[in-house]
Amino acid sequence: MNKQKTSIYKKADLIVLPENIVGTNCANCKWINLESNYCSHPKIGLVLSDSAERMCCAYWDNDKVVRPWGDSVYKSVILVKAKIFKKEK
């Protein structure tokens with residue numbers, strides 16, 4: 001990946017969702033406590049006003065998210081998945 005693309009991806013926080021995540025919402029975010037509906041992100045830190053399944057924000061994250069512009073571990077995962085995808089076609 002070239003530096004220009006990496007910069008664009010990083011600024012946009014372009015991610016690859018985990019395989020079992022269809023869409024992003026507070027219910028599948030790493031910051032939410034579903035029992036209390038509390039978001040523990042340092043810039044949020046409050047109880048959600050609506051259902052976690054119906055809410056989402058720019059700070060959504062999940063421990064299994066892959067960031068293509070991230071460190072070499074993430075790049076390796078993407079390269080492996082890309083090779084598998086090409087073989088399946």
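Mentor: K30 is partly exposed, because its relative accessibility is 38%. The scale is simple: buried means under 20% relative accessible area, exposed means over 50%, and partly exposed lies in between, with a 1.4 Å probe and protein chains only. Keep in mind that this is a predicted model, where local features need pLDDT of at least 70, side-chain atom pairs count only at pLDDT 80 or more, and totals for chains, interfaces and linings use all residues. Residues are numbered from 1 along each chain as its sequence is written, and side-chain values use heavy atoms, with hydrogens and water left out.

Now the partner. K30 and D61 form a salt bridge through their side chains, at 3.7 Å from N to O. The term needs a side-chain nitrogen of Lys or Arg within 4 Å of a carboxyl oxygen of Asp or Glu. This pair ties together distant parts of the chain, 31 residues apart. K30 sits in the loop between helix 1 (3–12) and strand 1, while D61 sits in the loop between strand 3 (46–47) and helix 2. Those elements are DSSP runs numbered from the N terminus: helices are H or I with at least four residues, strands are E with at least two.

D61 counts as buried because its relative accessibility is 12%. D61 also forms a salt bridge with R67, whose closest N and O atoms are 3.4 Å apart. R67 is buried, as is D61. Shared partners join K30, D61, D63 and R67 into one network.

The structure holds four salt bridges. One of them pairs R54 with D50, at 3.3 Å from N to O. R54 is exposed because its relative accessible area is 66%. D50 is partly exposed, at 34%.

D50 leads on to N37. The side chain of N37 reaches the backbone oxygen of D50 at 3.1 Å. That is a polar contact: a pair of N or O atoms within 3.5 Å, where within protein one must be able to donate a hydrogen and the other to accept it, and residues adjacent in sequence count only if both atoms are side-chain atoms. N37 lies in the loop between strand 1 (32–33) and strand 2 (38–39). N37 is buried because its relative accessibility is 19%. Beyond neighbours within four places in sequence, N37 is in contact (heavy atoms within 4.5 Å) with I32, L46, V47, L48, D50 and A52.

Next, the cysteines. The whole structure has zero disulfides (a disulfide being a pair of cysteine sulfur atoms within 2.5 Å). For C29, the nearest cysteine sulfur is that of C39, 6.1 Å away. C29 is buried, at 12% relative accessibility. C56 has its closest cysteine sulfur in C26, at 5.7 Å, which is too far for a bond. C56 is partly exposed, with a relative accessible area of 40%.

Last, the whole chain. Its elements run α-β-β-β-α from the N terminus. Of its 89 residues, 25% count as buried. Among contacts with a separation of 6 or more, 55% join residues 24 or more positions apart.

pLDDT is the predictor's confidence in each residue, from 0 to 100. The chain mean is 78, and 76% of residues reach 70 or more. Among the elements, strand 1 has the highest mean (96) and helix 2 (residues 72–88) the lowest (50).
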